[in-house]
Amino acid sequence: MVINNLTIRRCIITDAYREETHRQGIFINDSEHVLIEENVIDYNGWREGMAHTTRESLLGHNIYAQYQNGPGTFTIRNNIITRGSSHGVQLRSGGTMNGNYFARNPLHSFN
């Protein structure tokens with residue numbers, strides 16, 4: 001089932017982690033026409049002092065958009081995206097990003 005017209009707006013998304021792999025503040029799959037706008041997304045994918053949640057784990061992100069999403073249908077704009085484990089945004093399905101503030105992520109964004 002594909003989710004259409006998903007909007008995440010004006011939320012605070014922080015401190016999402018777990019001891020196993022693949023940790024994200026936002027994970028989106030099988031979706032089209034997604035808008036992520038005016039959020040604070042901070043400190044996701046890791047927790048200092050916890051086993052297996054190191055700061056620069058390649059499997060932890062603030063935002064992760066899987067490649068099975070509709071190609072180019074993501075818009076990520078005017079967010080504050082900080083202190084992710086690996087990526088601030090991993091946008092595998094492509095889309096547009098503008099007006100975002102990135103700080104203290106090992107990699108800010110990657111398509």
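Q90 is buried, at a relative accessible area of 3% (buried means under 20%, exposed over 50% and partly exposed in between, with a 1.4 Å probe and protein chains only). The model is a predicted one, in which local features need pLDDT of at least 70 and side-chain atom pairs count only at pLDDT 80 or more, whereas totals for chains, interfaces and linings use all residues. Residues are numbered from 1 along each chain as its sequence is written, and side-chain values use heavy atoms, with hydrogens and water left out.

Q90 belongs to strand β9; strands here are DSSP runs of E of at least two residues, helices are runs of H or I of at least four residues, and both are numbered from the N terminus. The side chain of Q90 makes a polar contact of 3.4 Å with the side chain of H87. Such a contact is a pair of N or O atoms within 3.5 Å; within protein, one must be able to donate a hydrogen and the other to accept it, and residues adjacent in sequence count only if both atoms are side-chain atoms.

Turning to the sheets, four strands form an open sheet in the order β1-β4-β7-β10, with parallel pairing (two strands pair if DSSP finds at least two bridges between them). Its edges are β1 (3-9) and β10 (95-98), each of which pairs on one side only. Neighbouring strands of this sheet are turned by 5° against each other on average, direction ignored; the axes are lines fitted to C-alpha atoms, for helices over the stretch in contact, and angles run from 0 to 180 degrees between N-to-C directions.

Within this sheet, β4 (residues 31-37) and β7 (residues 74-77) are joined in the parallel sense by four bridges, and V34 stands opposite F74 of β7. Strand β7 is also linked to β10 by four bridges, again running parallel, with M97 in β10 as the bridge partner of I76. The two faces of β7 can be told apart: F74 and I76 lie on a covered face, while T75 and R77 lie on an uncovered one.

S31, in strand β4, is buried, with a relative accessible area of 2%. Leaving aside residues up to four places away in sequence, S31 touches V2, I3, N69, G70 and T73, where contact means heavy atoms within 4.5 Å. The S31 side chain also reaches the backbone oxygen of N29 at 3.3 Å. Between S31 and F74, 43 residues apart in sequence, the C-alpha to C-alpha distance is 9.0 Å.

A further open sheet of four strands has the order β2-β5-β8-β11, also with parallel pairing. Here the edge strands are β2 and β11 (101-103), each pairing on one side only, and the twist averages 5° from one strand to the next. Three bridges join β2 to β5 (residues 40-42) in the parallel sense, and I41 in β5 is the bridge partner of I13.

What does I41 touch beyond residues up to four places away in sequence? Its contacts are I13, I26, I36, N62, I63, N79, I80, I81 and T82. I41 also belongs to the largest nonpolar core, a set of 14 residues in which I26, I28, I36, I41, I63 and I76 touch the most other members. A nonpolar core is defined as a set of buried Ala, Val, Leu, Ile, Met, Phe, Trp, Tyr and Cys residues joined through side-chain atoms within 4.5 Å. At least two residues of this core come from each of β3, β4, β6 (60-65), β7 and β9 (87-91).

Finally, Y17 is found in the loop between β2 (12-14) and β3 (23-28). Y17 counts as partly exposed because its relative accessibility is 34%.
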